[in-house]
Amino acid sequence: MTGSLSLFWTGYIHAGDSVVTPFSLVEQYRKLSRAELREIFFGRQTRWPDGSPLRVFVLPDKHPVHIRFAKEVLGIYPYQLRSAWDRMIYSGTGTPPVVVESLEQMKKQIRSTPGAIGYIEE
């Protein structure tokens, strides 16, 4: 997938000089609420409203940007995401997000994966 970068959420979170925000190339769903983002990142929503598959990318649990995204954007603790993803794995009821090692890898994966969403720090 190619195209310009799109930021989804208008409720930017500022901490110091940086911003953590959801990030995707899917432009038709620009205004996702916190509740919608939670559905996506908890794995309860696996498709976009048009029926196309969602692919979620996250940083490792201890990464500072992942922790900020969970707390400031989703309004939850990171361990709550991990618990939900572990339940998916052990129960076989879903597929947890793909973990990438860096923000650069996050951007690269989102640019090359149709229907992808993650987050970035600006």
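Predicted model: local features only at pLDDT ≥ 70, side-chain atom pairs only at ≥ 80, totals over all residues.
View 1. Residues are numbered from 1 along each chain as its sequence is written, and side-chain values use heavy atoms, with hydrogens and water left out. A pocket here is an open set of points on a 1 Å grid over the protein atoms alone, where a 1.4 Å probe fits, with protein on both sides within 12 Å along at least five of seven lines. Lining residues have an atom within 4 Å of a point. There are 16 of them, with G43, T46, L54, T95 and P96 nearest the pocket centre. By class, the lining has 8 nonpolar, 6 polar and 2 charged residues (nonpolar: Ala, Val, Leu, Ile, Met, Phe, Trp, Tyr, Cys and Pro; charged: Asp, Glu, Lys and Arg; polar: the others, Gly among them).

**View 2. F41 and Y119 form a tilted aromatic pair.** The whole structure holds 4 aromatic pairs, meaning rings of Phe, Tyr and Trp (its six-membered ring) with centres within 6.5 Å; planes under 30 degrees apart are stacked, over 60 edge-to-face and the rest tilted. For F41 and Y119, the centres are 6.2 Å apart and the planes 45° apart. F41 sits in helix α1 (residues 34-41) and Y119 in strand β6 (residues 116-121), so the pair ties together parts 78 residues apart in sequence. Helices (H or I, at least four residues) and strands (E, at least two) are DSSP runs, numbered from the N terminus. Ring pairs link F41, F69 and Y119 into a cluster.

**View 3. Helix α1 crosses helix α2 (residues 64-74) at roughly 140°.** Their axes come within 10 Å; axes are lines fitted to C-alpha atoms over the stretch in contact, with angles from 0 to 180 degrees between N-to-C directions. R34, L37, R38 and F41 of α1 meet F69, E72, V73 and L74 of α2. These contact residues divide into 5 nonpolar, no polar and 3 charged.

**View 4. H66 has its place in helix α2.** H66 counts as buried because its relative accessibility is 0% (buried means under 20% relative accessible area, exposed over 50%, partly exposed in between; 1.4 Å probe, protein chains only). Leaving aside residues up to four places away in sequence, H66 touches V58, L59, P60, D61, P78, L81, W85 and Y119, where contact means heavy atoms within 4.5 Å.
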